[in-house]
Amino acid sequence: MQTSLRAIAEQARENKKYRFTNLSKLLTKGLLKECFGQLNKKAATGVDGVTYKEYARNLDENLTSLLERVKTQKYRARIVRRHYIQKANGKVRPLGIPVLEDRLLQAAVARILAAIYEEDFTETSYGYRANRGAKDAVRELTKQVREKISYVVEADIKGFFDHLDHRWLMKMLDLRIGDGSIKKLIWKWLKARALEEGKIILKPVEGTPQGGLCKA
């Protein structure tokens, strides 16, 4: 973890009610470049068709342009391409495929937020955390069942991503995040228009398609 991110992580750990007001300064070319290197090089392209390889050809210029637009508030979230995948129960799951540049900026903001909120998780939490995943959870659960647990209770919030309340999400975010620039970026991603079956959907009032790095 970068020194600046480690510092806010320590502050978040020491004071669970601390409200961070100057996080946008952490959006640097260095952070963006590091996040770019960790993107899936073979990920599906967004509506602009720009691939990882194409963006990398003029990476420094592209990152400079992106940062300038963010700092001057000229950045606009692009239309998200929506794709549906079949679920085992016969239903479908909506996936949101942002353009590469939006995905990159989301990755950088997610890295900053993770430094803060990671301190609130317990060791038994595995979802959407760095260096942890479903396979790790299954291994630990298998171990616990074999050693001391006789039954397992599974609970699921039906249609959580489909009905996510944008304003309540922002209220929850506001408890720890006081940086207006960061919150505006997240709001833009929540309200980004979508391209579904060739038709443009206006700003959604609720929910978020899974797929974006800040909209997982």
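A pocket is an open set of points on a 1 Å grid over the protein atoms alone, with protein on both sides within 12 Å along at least five of seven lines, and its lining residues have an atom within 4 Å of a point. The model is predicted, and local features need pLDDT of at least 70, side-chain atom pairs count only at pLDDT 80 or more, and totals for linings use all residues. Residues are numbered from 1 along each chain as its sequence is written, and side-chain values use heavy atoms, without hydrogens and water.

The second largest pocket is lined by 14 residues, among which Lys87, Lys158, Gly159, Phe160 and Asp162 lie nearest its centre. Its lining comprises 5 nonpolar, 3 polar and 6 charged residues; Asp, Glu, Lys and Arg count as charged, Ala, Val, Leu, Ile, Met, Phe, Trp, Tyr, Cys and Pro as nonpolar, and the others, Gly among them, as polar.

Phe160 is partly exposed, with a relative accessible area of 38% (buried means under 20%, exposed over 50%, partly exposed in between; 1.4 Å probe, protein chains only). In the whole structure, 4 aromatic pairs are found (ring centres of Phe, Tyr or Trp, the last by its six-membered ring, within 6.5 Å; planes under 30 degrees apart are stacked, over 60 edge-to-face, the rest tilted). One of them joins Tyr18 and Phe20 edge-to-face, at 4.8 Å centre to centre and 75 degrees between the planes. Tyr18 is partly exposed at 30% relative accessible area, whereas Phe20 is buried at 4%. The rings of Phe160 and Phe161 also form an edge-to-face pair, with centres 5.3 Å apart and planes at 80 degrees.

Note on methods: On a 1 Å grid over the protein atoms alone, a cavity is a set of points where a 1.4 Å probe fits but cannot get out, and a pocket is an open set with protein on both sides within 12 Å along at least five of seven lines; lining residues have an atom within 4 Å of a point.
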